[in-house]
Amino acid sequence: MKKILPLILAAVLMLSLAACGGGRDTTSGGRNSMTKEEMLEQAEAVTREDLFGAAESNIVSAKETYGGKLIIFTAQVLDIQDDHIQLGDLSYINVYLPTEDIMQIENYQLITVVGQLGDTIEEVEENVGYGMTTTLYCYEMPQAYLVLDRFEYTGTLKWKNESYEDAWDIEYNDDPVLKLIRFNESVDLSAFDESYCNEEITFTAKVFTPDYFNPGSFSDAIIIETGE
């Protein structure tokens, strides 16, 4: 009997560990996790102002509001790692995407993801220079899917860019700083001449948001329609 008892206790312990492992699998993208379609049916669109503003205002309240929440979120890609990306601006979400989704995106690209947030928010002290620091907030999204990597816009095509042979300058959203637009190879650029200057166009494109070296650009653009 003394020999059998330790074996029984060991078996119980193994079953307990297996049960705990199964629970984690559900929230980290394992076999019991939600599909993209299931997430999209239940998720709520949340802006970066909502998410990071809540953490900055009251981190305890933000955890209660957003912990475990299914959200649809649009932001800039800050960094790309082997199994996840950082999505945000200063504060960010560590978004764990399928490998095939990560392969489609680039740094500084604007994308939309759907996923379930974790229960924690990490406060990170960031050095901003001159001996000053600022507090950033980091959420976790253990399981997510890429929803959009192209967006539709309407802008006014201005002229061919003098610095880039394959790019035009475009005015978008009444911003005085012109953006660059590069067209998909399916667009017949031979038809583009001075008559297209100041032409309003509606197009879909990959969007690269501003960094220190680039005021913003549209890439792989496809024209949907031109102005009257």
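Author: Val124 is found in strand E6 (residues 121–129); helices here (H or I, at least four residues) and strands (E, at least two) are DSSP runs, numbered from the N terminus. This is a predicted model, where local features need pLDDT of at least 70, side-chain atom pairs count only at pLDDT 80 or more, and totals for chains, interfaces and linings use all residues. Residues are numbered from 1 along each chain as its sequence is written, and side-chain values use heavy atoms, with hydrogens and water left out.

Setting aside neighbours within four places in sequence, Val124 is in contact (heavy atoms within 4.5 Å) with Thr134, Thr135 and Leu136. Val124 and Ser91 lie 33 residues apart in sequence, while their C-alpha atoms are 8.8 Å apart in space.

Those partners lead us to a pocket. Thr134, Thr135, Leu136 and Ser91 are among the residues lining the second largest pocket, and so are Phe52 and Asp89. A pocket is an open set of points on a 1 Å grid over the protein atoms alone, where a 1.4 Å probe fits, with protein on both sides within 12 Å along at least five of seven lines; lining residues have an atom within 4 Å of a point. About 160 Å³ of space lies in this second largest pocket, the volume being the space filled by probe spheres set on the points. H3 and strand E7 (132–141) each supply at least two residues of the lining, and H3 gives the most, with 5. By type, the lining has 4 nonpolar, 4 polar and 4 charged residues; Ala, Val, Leu, Ile, Met, Phe, Trp, Tyr, Cys and Pro count as nonpolar, Asp, Glu, Lys and Arg as charged, and the others, Gly among them, as polar.

Helix H3 (residues 48–57) packs with helix H4 (residues 59–66) at an angle of about 140°, their axes 6 Å apart. Asp50, Leu51, Ala54, Ala55 and Ser57 of H3 make the contact with Ile59, Ala62 and Tyr66 of H4. The residues of this contact divide into 6 nonpolar, 1 polar and 1 charged.

Conventions: Axes fitted to C-alpha atoms, helices over the stretch in contact; angles between N-to-C directions.
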